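Please open the model in a viewer and keep the selection panel at hand.

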Amino acid sequence: MTFRKVNIAILVLAIVIFLLLLHHNLLGLSDFLKRDVADSSPLGLQPIDFIPEAPQRQTDESNDQEIPVVITASDDRLGGVIAAMNSIYHNTKSNVVFHIVTLNDTVDHLRAWLSKTALKKVKYRILDFDPRILEGKVKVESEQADSIKPLTFARFYLPMFVPHAEKAIYMDDDVIVQDDILELHNTPLKPGHAAAFADDCDSTSNKFAIRGAGNQYNYIGFLDYKKQTIRKLAMKASTCSFNPGIIVANLTEWKLQNITKQLEKWMTLNVVEDLYSRTLAGNIATPPLLIVFYKQHSNIDPMWNVRHLGSSTGKRYSPQFVKAAKLLHWNGHFKPWGRTASYADIWEKWYIPDPTGKFSLIRRHSEIYESK
């Protein structure tokens, strides 16, 4: 080999080494940028607590995928959150991670309740929701002032809570899960659909009428069809509404379609034009979702959202049906931790008494539950 050929070979080798080093550094920079983006939180969301390696039961190898469950936690309803999480945890072997969205004044109470009970074994992340993100987007009526809670709108911002997940479950705090949450997570979504809901015309709802508010099982129960802005959308007033207390979300589609921005647009328009029905009965988070997801959502098995258990103190369903339900939902005024509620005995099986003593069930003999 000539001296010239040796030099060429050395030069080629040096170039290859340089390119390999450059590729490695670029990969490192990419990972750094991803971490930087993930760690920088927009207004309205600040990560507080994350326990990624909490001890957990052995999971099935087939179920080792992470299942993100987003749930909101306000101090006056914290017992509901605890019962919901407990029911989910004990009915699955899947790798569930709870993303608990709350306000700053609830964090210490929540952390104490989780760390000093059987729920210390769950994986969870606590996120503080900044109400300033809702400025100019929520219209407060005097008769609805008590029902305007910032966390009501947390479901509009799902990709912020689980930025790296492709799919997530959102659920209200007034639920009990009686089956494996993996089945709900595996709900099929049609191509192009960002979310799945349970329709209000399904067999478990039976066109429920809210006292004083008329039938809220179709669009006209939530939107003011006298307003031109609503009429221009050409949405049939008789279209079956859906219940947004349980959502299975395709977060990839959610982000591609800018669902959060669309929801915020309709919130802002309502402040200016008053587009919602006058008989909402406090369901102020539902109208924007109905508009954005009009004929653009998939369906959840109705047994995964057996609802209206909180609509009255009476027993709406048979004991056999309630036992067969995969998810029980106490939407309505009468919550299972309140003085009067239907099927409260079922809910109480999953309730864990508050070790701090701040939260108590409203019962005639509440000391019985606190001593368990």
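Begin by selecting cysteine 240, which is buried at a relative accessible area of 18%; here buried means under 20% relative accessible area, exposed means over 50%, and partly exposed lies in between (1.4 Å probe, protein chains only). This is a predicted model, in which local features need pLDDT of at least 70 and side-chain atom pairs count only at pLDDT 80 or more, while totals for chains, interfaces and linings use all residues. Residues are numbered from 1 along each chain as its sequence is written, and side-chain values use heavy atoms, with hydrogens and water left out.

**The disulfide**

Cysteine 201 and cysteine 240 form a disulfide with their sulfur atoms 2.4 Å apart, the criterion being a pair of cysteine sulfur atoms within 2.5 Å. The structure holds 1 disulfide. The pair joins distant parts of the chain, 39 residues apart: cysteine 201 is in the loop between β7 (195–199) and β8 (209–210), and cysteine 240 is in the loop between α6 (228–231) and β10 (242–250). Helices (H or I, at least four residues) and strands (E, at least two) are DSSP runs, numbered from the N terminus. Cysteine 201 is partly exposed, at 40% relative accessibility.

**Salt bridges**

How many salt bridges does the structure hold? There are 12 salt bridges, each a side-chain nitrogen of Lys or Arg within 4 Å of a carboxyl oxygen of Asp or Glu.

Select lysine 326 and glutamate 183, whose salt bridge has its closest N and O atoms 3.5 Å apart. Lysine 326 lies in the loop between α10 (319–324) and β12 (327–329) and glutamate 183 in helix α5 (residues 181–185), so the pair ties together parts that are 143 residues apart in sequence. Lysine 326 counts as buried at 17% relative accessibility, whereas glutamate 183 counts as partly exposed at 37%.

Move to aspartate 274 and arginine 278, a salt bridge with the closest N and O atoms 2.6 Å apart. Aspartate 274 is buried at 13% relative accessibility, and arginine 278 is exposed at 62%.

Then select aspartate 224 and lysine 227, which form a salt bridge at 3.8 Å between the closest N and O atoms. Aspartate 224 is buried, with a relative accessible area of 18%; lysine 227 is partly exposed, with 26%.

Select residues 78–89, helix α2, which has 12 residues and reaches 17 Å from its first C-alpha to its last, close to the 16 Å expected at 1.5 Å a residue. The expected span is 1.5 Å times one less than the number of residues. In α2, 12 of the 12 residues are buried, so the helix is largely enclosed by the rest of the structure.

Continue to threonine 92, in the loop between α2 and β3 (95–102). Threonine 92 is buried, with a relative accessible area of 5%. Its side chain makes a polar contact with the side chain of aspartate 180 (2.5 Å) and reaches the backbone nitrogen of serine 94 at 3.0 Å. A polar contact is a pair of N or O atoms within 3.5 Å; within protein, one must be able to donate a hydrogen and the other to accept it, and residues adjacent in sequence count only if both atoms are side-chain atoms.
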